[in-house]
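Biologist: Hi, could you walk me through this one? I'd like to jump between a few topics as we go.

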Amino acid sequence: TKNLPRILRKRLLPRGYPLPSKFAGGIRLVNTFELCFGKLDGYNEEHTSIKLLALSVCRSIVSLASFKGRIRQFTCTGTIIEHTPPSMRILTSASLIRSSEEDGSKILDKLKIKVRLPSGKLVIGTLWKYDSYYNIAVVNIKASPELREACIHNQVPANVKLSQSKLVAIGRAFESGELMATGGTLLHGTTKFDCQQLMASTCKITKAGIGGLIVGSDGKFMGMSFYYKDGAPFLPFSILQKCLKHFNKFGRVVQLSLGLRIGSLQAEKLHVREQVHDSFPNAHGIYVQMVSDKSPAADSGIKVGDVITKIDKLELFNAQEFHELILDKPKRILRHGEGMPFTVCVLRPNSNGREFPATINAVIDSNEQNSFFFSFLSVNFWLVPKTKWLCPDDIRDADKMPLVRKRFKPDYTFRENLIFNIRVHVG
């Protein structure tokens with residue numbers, strides 16, 4: 001036991017993990033980046049199809065880690081999205097460059113980024129662009145013949161008709177380089193994050209899968225995944241592509257300040273649907289959940305409870321369509337305070353039962369990236385569960401985190417005999 005602190009420091013501190021505050025039999029480290037997902041050891045049809053989908057894109061899937069000095073800050077998955085010799089671009093999560101302390105809103109400077117290729121080789125990456133609201137980042141690396149550009153143009157648009165479609169989440173672990181995949185289902189509903197454009201799925205991933213691919217059972221790309229305990233929320237590729245176009249054209253994602261929080265009418269709670277149904281039985285579109293005071297939406301006369309059915313004469317069926325059309329609006333960077341008007345058609349329950357137009361004069365604050373979203377919304381800063389030591393008598397986690405648990409990668413456990421042990425379970 002005399003060498004225990006030295007062993008702990010050697011194993012944990014370079015990975016950015018905390019040392020235990022006390023030693024007790026059975027304590028273990030949870031929420032590590034080494035924990036993989038997707039135990040596909042069966043020969044059934046579902047496991048076979050998931051493996052084949054993962055193998056079809058494996059040369060496009062890498063893992064990234066950020067370091068401050070010698071201390072690792074974060075690891076996540078990335079996808080090769082562009083090959084423009086002599087470099088390649090990787091799409092991943094901006095959590096890679098965020099501070100893990102406090103609210104996670106701070107972007108860290110002077111981080112060193114390492115990229116694990118499918119062969120296991122490590123290369124150095126450089127940050128090109130990032131967006132805080134969508135929590136996406138693009139990293140450049142030197143082109144490698146072992147990598148292949150993913151055909152992200154083969155994406156599926158977000159559509160309510162796709163509800164209950166089968167999905168596959170794909171990622172890669174950083175230290176081992178292991179390819180990971182798991183199945184799930186598309187849920188056309190709301191997520192726990194404040195980014196309204198996210199879609200929900202039942203794919204159970206770990207922190208190592210953040211920034212990874214979500215693909216449909218037909219192999220078409222659906223989006224980029226993030227982490228939540230009940231299933232992986234993901235940003236649709238139709239939104240991602242528009243963000244990438246903004247990066248190339250404007251140098252950043254240009255957000256229009258509307259003062260609206262919306263949701264798909266079909267996904268709203270039953271009592272909301274009833275209120276709308278009484279006035280408009282066949283209504284479709286997006287439901288206005290919140291309107292900020294003195295905002296462009298408020299000035300246009302839009303109120304909470306309204307249903308927006310069209311934008312510039314284009315019919316709307318879900319919230320993703322609205323967000324995509326808004327991202328298409330900026331053709332140039334507007335001057336500070338300059339407006340960009342567009343017209344929407346609005347239904348107002350319990351009114352005269354007629355549709356009326358409203359003109360929203362959207363504005364862009366060019367002085368601060370996505371400033372509206374950080375002032376109007378109580379933004380969840382994409383925090384992920386922190387790595388911590390769990391005691392066996394911790395009642396809150398007793399059922400969810402049993403003491404004896406199989407893991408694919410190192411299980412940091414402090415056992416009864418006071419010997420620090422790293423166990424690797426195979427299969």
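**Cavities, salt bridges and backbone**

Modeller: Happy to! S95, N135, F193, I210, F226, Y227, W382 and V384 line the second largest cavity. Keep in mind that this is a predicted model.

Biologist: How many cavities of 30 Å³ or more are there in the whole structure?

Modeller: A search of the whole structure gives 2 of them.

Biologist: And how much space lies in the second largest cavity?

Modeller: About 40 Å³.

Biologist: How do the residues of its lining divide into nonpolar, polar and charged?

Modeller: The lining of the second largest cavity has 6 nonpolar residues, 2 polar ones and no charged ones.

Biologist: Let's switch to charges, then. How many salt bridges does the structure hold?

Modeller: There are 7. One of them joins R89 to E82, with 3.7 Å between the closest N and O atoms.

Biologist: Which residue does K242 meet in a salt bridge?

Modeller: The side chain of K242 meets that of D328, at 3.0 Å from N to O. The pair links distant parts of the chain, 86 residues apart: K242 is in helix 3 (residues 237-250) and D328 is in helix 6 (residues 319-328).

Biologist: How accessible are K242 and D328?

Modeller: K242 counts as buried, at 16% relative accessibility. D328 counts as partly exposed, at 33%.

Biologist: Is D306 buried or exposed?

Modeller: D306 is buried, at 1% relative accessibility.

Biologist: Which residues are linked in a network of salt bridges?

Modeller: R15, E34, R72 and E175 are linked that way.

Biologist: Back to helix 3, where K242 sits. What span should helix 3 have, and what does the model give?

Modeller: Helix 3 has 14 residues, so at 1.5 Å a residue it should span 20 Å. The end C-alpha atoms of helix 3 are 19 Å apart, which agrees.

Biologist: How many of its residues are buried?

Modeller: Helix 3 is mostly covered, with 11 of its 14 residues buried. Among them are F237, I239, L240, L244, F247 and F250, and also S238, Q241 and H246.

Biologist: Now the backbone. What is the peptide bond from P85 to P86 like, cis or trans?

Modeller: That bond is cis, with omega near 10°. P86 is in the loop between strand 3 (71-84) and strand 4 (87-93). For context, most peptide bonds are trans, and most residues other than glycine have a negative phi.

Biologist: Good to know. Which residues other than glycine have a positive phi here?

Modeller: Among them are N31, with phi near 65°, and K294, with phi near 60°.

Biologist: Where do N31 and K294 lie?

Modeller: N31 is in the loop between strand 1 (27-30) and helix 2 (45-56). K294 is in the loop between strand 15 (286-291) and helix 5.

Biologist: And are they buried or exposed?

Modeller: N31 is partly exposed, with a relative accessible area of 22%. K294 counts as exposed, at 79% relative accessibility.

Biologist: Great, thanks for the tour!

Conventions
Residues are numbered from 1 along each chain as its sequence is written. This is a predicted model: local features need pLDDT of at least 70, side-chain atom pairs count only at pLDDT 80 or more; totals for chains, interfaces and linings use all residues. Side-chain values use heavy atoms; hydrogens and water are left out. On a 1 Å grid over the protein atoms alone, a cavity is a set of points where a 1.4 Å probe fits but cannot get out, and a pocket is an open set with protein on both sides within 12 Å along at least five of seven lines; lining residues have an atom within 4 Å of a point. Grid points are joined across faces, edges and corners, and a volume is the space filled by probe spheres set on the points. Ala, Val, Leu, Ile, Met, Phe, Trp, Tyr, Cys and Pro count as nonpolar, Asp, Glu, Lys and Arg as charged, and the others, Gly among them, as polar. A salt bridge is a side-chain nitrogen of Lys or Arg within 4 Å of a carboxyl oxygen of Asp or Glu. Helices (H or I, at least four residues) and strands (E, at least two) are DSSP runs, numbered from the N terminus. Buried means under 20% relative accessible area, exposed over 50%, partly exposed in between (1.4 Å probe, protein chains only). The expected span of a helix is 1.5 Å times one less than its number of residues.
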